[in-house]
Amino acid sequence: MKKTKRVLVVGGLHGDETSGIALVRQLQKDSLKQIQGLIANRAAVGKRVRFLETDMNRSFGVEIPISLEEKIAAGLRKTISANDVVIDVHNTRATGTTCAITVCEPSELHLGLAHHFGFDRIVVMPPSGSLISVCPDRAISLEIENNRRKEFSTGYLMARLKTMGSERVGKEKIEV
């Protein structure tokens, strides 16, 4: 059984997607053993806009960072890579699109995380410079429709984070 030492929850990659922002802020108040929260794009969050110069979720594969978001993404790559599991939380306005997202063939870890958080659908997308493409084998995005935010509330997501160490996620138990 593999012991997971570090879990990173990322919110605020897009400054107008509040589910991840609220979850990370709650994590910072009620710290959970071995689970850290990160607000990725503080400038966009402060202005409550998706981004300031470029879409940050297309900025992680840029070789020569120019925009603010590309520079932030370049600075976060090491932090993201240093974690055993990365959970990136987003919101969407599109109806019928609540799902978990991976950028590679879903592993038992991906499937287990999606199930653990209550997502009945997992979508494989091209990496296209996304945060989860930094460590695709151990990162997943949770995409929550705005009209399902009560169902996937901060309280619900925190409860699921708290039980990550007590339930099997895929074939293995994630111990945090």
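Trainee: Helices here are DSSP runs of H or I with at least four residues, numbered from the N terminus. With that settled, in which helix does Val24 lie?

Mentor: This is a predicted model, and in it Val24 belongs to helix α1, which spans residues 18–29.

Trainee: Is Val24 buried or exposed?

Mentor: Val24 is buried, because its relative accessible area is 0%, and the cut-off for buried is under 20%.

Trainee: What does Val24 touch, leaving out residues up to four places away in sequence?

Mentor: Val24 contacts Val9, Val10, Gly11, Gly37, Leu38 and Ile39. Of these, Leu38 is 14 residues from Val24 in sequence, and their C-alpha atoms are 6.2 Å apart.

Trainee: Turning to strand β1, how many of its residues are buried?

Mentor: Five of the five residues of β1 (residues 7–11) are buried, so the strand is largely enclosed by the rest of the structure.

Trainee: In which sense do β1 and β2 pair?

Mentor: β1 and β2 are paired in the parallel sense, over five bridges. Among the residues involved, Gly11 has Ile39 of β2 as its bridge partner.

Trainee: What is the strand order in the sheet?

Mentor: The sheet is open and has six strands, ordered β2-β1-β3-β6-β4-β5, with mixed pairing. Its edge strands, β2 and β5 (122–124), each pair on one side only. On average, neighbouring strands are turned by 25 degrees against each other, direction ignored.

Trainee: And how many bridges join β4 and β6?

Mentor: Three bridges join β4 (residues 99–102) to β6 (residues 139–145), in the antiparallel sense. Cys99 has Glu143 in β6 as its bridge partner.

Trainee: Which strands does α4 lie across?

Mentor: Helix α4 (residues 108–116) lies across β3 (85–92), β4, β5 and β6, and it runs at about 30 degrees to β6.

Trainee: Now the loops. Where is Asn41, and what does it touch beyond four places in sequence?

Mentor: Asn41 sits in the loop between β2 (35–39) and α2. With a relative accessible area of 0%, Asn41 is buried. Not counting residues up to four places away in sequence, Asn41 touches Gly12, Leu13, Phe51, Met56, Glu69 and Ile72.

Trainee: What is the phi of Gln34?

Mentor: Gln34 has a positive phi of about 65 degrees, although it is not a glycine. Most residues other than glycine have a negative phi. Gln34 is placed in the loop between α1 and β2 and is partly exposed, with a relative accessible area of 40%.

Trainee: And Ser128: what is its phi, and where is it found?

Mentor: Ser128 also has a positive phi, near 35 degrees. Ser128 is found in the loop between β5 and β6 and counts as partly exposed, because its relative accessibility is 41%.

Trainee: Last topic, the surface. Which residues make the nonpolar patch?

Mentor: Val49, Leu52 and Leu68 make a nonpolar surface patch of about 180 Å². Val49 is located in the loop between α2 (42–47) and α3 (68–81), and at 30% relative accessibility Val49 counts as partly exposed.

Note on methods:
Residues are numbered from 1 along each chain as its sequence is written. This is a predicted model: local features need pLDDT of at least 70, side-chain atom pairs count only at pLDDT 80 or more; totals for chains, interfaces and linings use all residues. Side-chain values use heavy atoms; hydrogens and water are left out. Patches are made of residues with over 30% relative accessible area and no salt bridge: like charges are joined within 9 Å, nonpolar side chains (Val, Leu, Ile, Met, Phe, Trp, Tyr) within 5 Å. Accessible areas come from the Shrake-Rupley method with a 1.4 Å probe; for residues, only the protein chains shown count as cover. A salt bridge is a side-chain nitrogen of Lys or Arg within 4 Å of a carboxyl oxygen of Asp or Glu. Helices (H or I, at least four residues) and strands (E, at least two) are DSSP runs, numbered from the N terminus. Buried means under 20% relative accessible area, exposed over 50%, partly exposed in between (1.4 Å probe, protein chains only). Contact means heavy atoms within 4.5 Å. Two strands pair if DSSP finds at least two bridges between them. Axes are lines fitted to C-alpha atoms, for helices over the stretch in contact, and angles run from 0 to 180 degrees between N-to-C directions.
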